[in-house]
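Biologist: Can you walk me through this model? I'd like the contacts, the charges and the rings.

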Amino acid sequence: KWLRITLITGGIFFALLVLLFLGMTWYIHANKAAFLKQITGQLNERLNGTITIADMEPSLLKSFPNVSIALKKVVLQDSLWQQHRHSLLDVDYIFVRVNTLSLLRKHVNVSEVTLQDGAIFLYTDTTGYSNSYVLQGKSETKKKSSSTKDANVKQFTLRNISFIIDNRQKFKLFHLDIRKLDGKLHASDSSIQFTML
């Protein structure tokens, strides 16, 4: 009798979880344009450059029961891109895994980020200017967000990424082809720290 009650209760809970997951997935898909505009706008407010995202869609099977959002063709360029033509980030996919219940709150809990199929290009010209300047953030945004919490990502993964460091000032060039690299990411207004696992 108790086993039957437990199985029924577990089945109902699982069914509700599936319905919640499907509902969240439908909600994201139905409001895709608004979400995409909001994400792009918030990122551009914080960065000293421009980020473009071609498309986004929920990824159903990648992180059940949580929700994964797939951002397609993401390009991050600094303000002097027209001069040197080197995008800091140019990837085909960024998968962002979020806690399903956190979507109902204002603060979205991001637990996993995966960058897949593309390139990270750190460029420094002969004067010492680097396109990584785009990550330092705008001074006005730093002041407004000084009381906000730092962003921590428990799992940060690179898949099929070309990592290039081109320092024209010091005459150094490094090119790494990364098939898979796992780590953790800690980001604040002043720095971004990546720790390999």
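**Around D125**

Modeller: Let's start at D125. Leaving out residues up to four places away in sequence, D125 touches R168 and Q169. Bear in mind that this is a predicted model.

Biologist: Where is D125 found?

Modeller: D125 is in the loop between β4 and α4 (139–144).

Biologist: Is D125 buried or exposed, and what is the nearest side chain of opposite charge?

Modeller: D125 is buried, yet it has no salt bridge. The nearest side chain of opposite charge is R168, 9.0 Å away.

Biologist: Which side chain does D125 join in a polar contact?

Modeller: T127. The two side chains are joined at 2.7 Å.

Biologist: And which residue forms a salt bridge with R168?

Modeller: D166. The closest N and O atoms are 3.0 Å apart. D166 counts as buried because its relative accessibility is 8%. R168 is partly exposed, at 38%.

Biologist: How many salt bridges does a search of the whole structure find?

Modeller: Six. One of them joins D92 and K73, with the closest N and O atoms 3.9 Å apart. D92 lies in strand β3 and K73 in strand β2, so this pair ties together parts that are 19 residues apart in sequence.

Biologist: Which residues are linked with K73 in a network of salt bridges?

Modeller: D90 and D92. Together with K73 they form a network of salt bridges.

Biologist: New topic. Where is T157 found, and what does T157 touch?

Modeller: T157 is in strand β5. Setting aside residues up to four places away in sequence, T157 touches V113, T114, L115, K180, L181 and D182.

Biologist: Is T157 buried or exposed?

Modeller: T157 is buried, with a relative accessible area of 2%. The T157 side chain also makes a polar contact of 2.9 Å with the side chain of D182.

Biologist: Which side chain does D182 meet in a salt bridge?

Modeller: K180. That salt bridge is 3.9 Å, N to O. D182 itself is partly exposed, at 24% relative accessible area.

Biologist: Now the core. Which residues touch the most other members of the largest nonpolar core?

Modeller: L71, V74, L89, I94 and L115, out of 29 residues. The elements that give two or more residues to this core are α1 (2–30), β1 (49–59), β2 (67–78), β3 (89–98), β4 (110–124), β5 (151–167) and β6 (172–187).

Biologist: Take L89. What does L89 touch?

Modeller: V74, V75, L76, I94, L115, A119 and I120, not counting residues up to four places away in sequence.

Biologist: How far apart are I165 and T124?

Modeller: They are 41 residues apart in sequence and 8.2 Å apart in space, C-alpha to C-alpha.

Biologist: Last one, the rings. How many aromatic pairs does the search find?

Modeller: Three. In one of them, the rings of Y93 and F95 have centres 5.8 Å apart and planes at 10 degrees, so the pair is stacked. Y93 is partly exposed at 31%, while F95 is buried at 14%.

Biologist: What about F121 and Y123?

Modeller: That aromatic pair is tilted: 6.5 Å centre to centre, with 50 degrees between the planes. F121 counts as buried at 16% relative accessibility. Y123 is buried too, with a relative accessible area of 8%.

Note on methods
Residues numbered from 1 in each chain as written. Predicted model: local features only at pLDDT ≥ 70, side-chain atom pairs only at ≥ 80, totals over all residues. Heavy atoms only, no water. Core = buried A, V, L, I, M, F, W, Y, C linked by side-chain atoms within 4.5 Å. Buried < 20%, exposed > 50% of the residue type's maximum accessible area, 1.4 Å probe, protein only. Helix = DSSP H or I, 4+ residues; strand = E, 2+ residues; numbered from the N terminus. Contact = heavy atoms within 4.5 Å. Lys, Arg positive; Asp, Glu negative; His and termini not counted. Salt bridge = Lys/Arg side-chain N within 4 Å of Asp/Glu carboxyl O. Polar contact = N/O pair within 3.5 Å; in protein donor to acceptor, adjacent residues only side chain to side chain. Phe/Tyr/Trp six-rings, centres within 6.5 Å; stacked < 30°, edge-to-face > 60°.
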